[in-house]
Amino acid sequence: MTLAGFHANDSSFTARRITAIRAKLARGETVYLAGLGLPGTHNSGVALVEVTQAHGPHLIVNNEEERFSGDKHTTQYPRAALDAMRATLRAMGRDIGDVDAWLTSWDYPDLIGTLVRSVVEEFPHSVRLLLTKNAVSFDARRLEQMTRTPKLLARQFGLPERVPLLMMPHHDNHAWFSVAASPFPDDEPVAIAVLDGTGDLGSISTYLARRGAMTRLFCNDSVFDSLGAFYSVIASTQGGWTWLSCEGRYMGAAAWGDGDRATNRYYATLKNVLHLGDDGAVHLNRAMANWYCDPFEQPYKQPLIALLGAPLQPSQLWNPDAVLRVEDIAHRPDTRDRLDKAAATQMVFEDALIHVIDALLRRTGANRLVLAGGVALNAVANMRLLEHFNTDWFRRAQNRNATLHLWVPPVPGDAGVTIGAAWLFAQLVGAPRGAAMTHAFYCGTPPPLDGIAAALQADDIASQFVGEIATETGREAVADLMAFMVAKGGIIALFQGAAETGPRALGHRSILANPCDPATRNRLNARVKYREAIRPLAPMMTLDAAQRLFVLDDGASDDDYNAYNYMVLTARARPEARDVIPAVIHADGTGRIQIVRAESDPLTHAYLVALGRHIGVEVSVNTSFNVGGPIAQTPMQAIDTLRRAADLDVVLLVADDGTVTAAWHGGARDSGRFIGWLTDWQASQP
């Protein structure tokens with residue numbers, strides 16, 4: 001790897017680079033770091049981070065390649081993401097030559113060694129793993145391209161020699177960025193748990209952060225004893241979707257099943273798939289599970305087949321006859337059983353997660369927890385942690401009056417580990433931790449007016465200037481127009497500023513609708529998003545509305561309930577919420593909420609306040625602006641998404657100068673709804 005241009009973080013080359021960058025920071029100069037997600041592993045991309053000695057790291061962009069290429073969870077070389085980063089640098093008066101260090105999000109020799117060791121340890125049963133070339137999240141066919149990345153970077157940017165890459169440990173990247181970006185101060189210890197499919201060395205790692213430093217406490221040294229793999233395998237082979245697409249859907253399905261451990265007829269046996277050992281250890285029961293040998297075609301052994309039935313095969317995934325659909329309860333007798341299996345899987349997963357965190361909190365004595373890795377996207381389990389580790393638990397376990405305080409970053413999975421690589425390196429060169437994260441609008445840059453105009457040059461799209469948000473008066477007017485249309489039953493999309501980084505749309509690439517109308521869910525799923533009814537719609541709201549309609553946990557209250565900003569934590573709805581906002585209350589009485597702040601997203605916040613005037617609640621349906629692919633990144637992608645969404649009434653595109661243009665279906669597809677609403681709204685204005 002060194003000969004190819006990759007350098008370990010404890011190598012002499014890296015030590016020299018660290019010394020040089022420390023000296024630069026000491027002189028008061030600004031340093032630029034690029035964190036890279038390379039070909040071969042999912043969610044490739046690049047993060048650009050600015051570092052100063054005074055303020056620490058500051059995220060400029062986190063460009064996810066899937067947003068530019070349209071290939072969801074892509075394992076490709078991130079060419080388009082890198083080009084976009086260069087454009088950002090040039091807009092700042094900088095260029096590629098100003099990047100002081102390029103950091104990878106994996107330590108590849110460790111990763112390769114772990115994979116080889118895993119195969120050897122499970123030999124001969126693991127031989128079949130050697131035949132796996134593409135596992136959605138891992139594409140062995142691109143590994144050769146990964147090793148050529150130093151040369152590819154030089155070629156792409158016209159540099160005279162290959163670009164040296166400094167390798168950063170995967171779980172350490174997750175951990176340090178997540179705690180450094182959290183609202184937790186340094187005055188008390190913070191426990192960190194990283195759980196995912198796998199990292200460089202294992203799939204579960206725990207840490208303790210104290211006074212600006214972080215110590216690794218534990219790594220399970222196993223890619224198979226993995227909570228991420230457990231959930232992905234069961235969700236895929238029982239739900240009928242591929243990895244990385246199945247997990248959120250199966251979590252949604254669980255709410256429709258029997259969520260009582262005493263009565264769910266699958267739970268008592270399924271929990272034996274994971275053995276919960278001493279000190280928080282989790283071990284896969286190889287007498288039931290076979291995915292340590294064959295995760296796709298034969299992932300179950302006979303006891304698990306006897307419980308769950310034969311697993312769906314790769315050829316059946318996404319087949320309409322195989323996919324789990326809650327709509328089928330009335331005419332497919334197995335649907336209720338399949339939903340109960342989903343609920344059992346969620347409960348077993350929660351048991352194991354609680355087991356890991358229990359040991360971590362007991363060992364560290366901490367009551368602040370940061371959760372990272374792909375497992376942290378299970379928003380229901382995150383809520384369960386807050387409920388489980390309550391004052392009674394802390395009295396028993398730590399002999400003090402406390403409760404768990406939890407924070408999950410907006411991009412806890414591998415799309416965010418590019419940021420983590422740069423954040424961790426900034427810590428290695430002596431920079432302070434940096435400011436806490438308050439929003440997630442870092443993917444790309446705001447669209448220019450001419451880019452929007454070019455996308456609108458199409459015979460099947462109608463468009464019109466409708467206002468501006470550069471002034472407070474203009475912003476309030478546009479927000480009121482949005483709320484007026486939604487109150488009339490409109491489904492609209494908002495395309496503004498830089499896109500969100502991470503898997504959730506949070507107001508910059510969002511589809512918005514009326515939460516008070518119970519028909520909204522079916523219309524959005526059937527005629528706009530074309531997705532399963534099993535998936536809930538999320539509510540975005542002001543803080544006042546959240547406190548009125550949901551039970552906000554005290555353990556998420558740090559920095560004015562910052563933990564609820566990113567749709568990574570569910571909350572239980574209050575009794576009146578189901579009647580007031582039925583479209584966004586899931587089958588289990590929860591909502592995966594997002595609190596919107598005026599300081600970080602003034603237009604969306606103004607829209608929510610305007611909704612309060614028009615429908616009586618400062619709450620909106622919020623779902624990602626996409627149809628069966630990545631969230632729309634560019635104006636061209638936004639217009640293409642409009643074309644594919646039959647009942648999407650209008651897209652509001654906000655240019656970087658604040659100009660707002662409405663785009664809607666033109667020609668024979670023009671329903672007349674938007675122009676009618678615009679005319680009525682204009683007539684209602686003073």
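A caution before the details. The model is predicted.

Let's start with the rings. The structure holds 13 aromatic pairs. Take Phe6 and Tyr108. Their ring centres are 6.0 Å apart, with the planes at 80°. Planes over 60 degrees apart count as edge-to-face, so that is the label for Phe6 and Tyr108. Where do these two residues sit in the chain? Phe6 is in strand 1, residues 6-7. Tyr108 belongs to helix 4, residues 108-121. They are 102 residues apart, so to speak a link between distant parts of the chain. Buried or exposed? Phe6 is buried, and Tyr108 is buried as well.

Next pair: Tyr561 and Tyr564. Here the centres lie 6.2 Å apart and the planes are at 35°, so this one is tilted. Again, both Tyr561 and Tyr564 are buried.

There is also a cluster to look at. Tyr231, Tyr250 and Phe349 make up one aromatic cluster.

Now charges over rings. I have two cases. In one, the charged end of Arg286 sits over the ring of Tyr292, 5.0 Å from the ring's centre. In the other, Arg509 lies over the face of Phe495. That distance to the ring centre is 3.9 Å.

On to the helices. Helix 3 covers residues 79-91, which is 13 residues. From first C-alpha to last, helix 3 reaches 19 Å.

Which residues of helix 3 are buried? They are Ala81, Leu82, Ala84, Met85, Arg86, Thr88 and Leu89. Note that an arginine, Arg86, is on that list. What covers them? The cover includes strand 2 (31-37), strand 3 (45-52) and strand 4 (56-64). It also includes helix 2 (65-69), strand 5 (101-104) and helix 6 (149-157). Just after helix 3 comes Gly93, with a positive phi of about 80°.

Last stop: helix 18, residues 520-528. Its buried residues are Thr520, Arg521, Leu524, Asn525 and Val528. Just after helix 18, Tyr530 takes a positive phi, about 55°.

Note on methods
Residues numbered from 1 in each chain as written. Predicted model: local features only at pLDDT ≥ 70, side-chain atom pairs only at ≥ 80, totals over all residues. Heavy atoms only, no water. Phe/Tyr/Trp six-rings, centres within 6.5 Å; stacked < 30°, edge-to-face > 60°. Helix = DSSP H or I, 4+ residues; strand = E, 2+ residues; numbered from the N terminus. Buried < 20%, exposed > 50% of the residue type's maximum accessible area, 1.4 Å probe, protein only. Lys NZ or Arg CZ within 6 Å of the ring centre and 35° of its normal. Expected span 1.5 Å × (residues − 1). Contact = heavy atoms within 4.5 Å.
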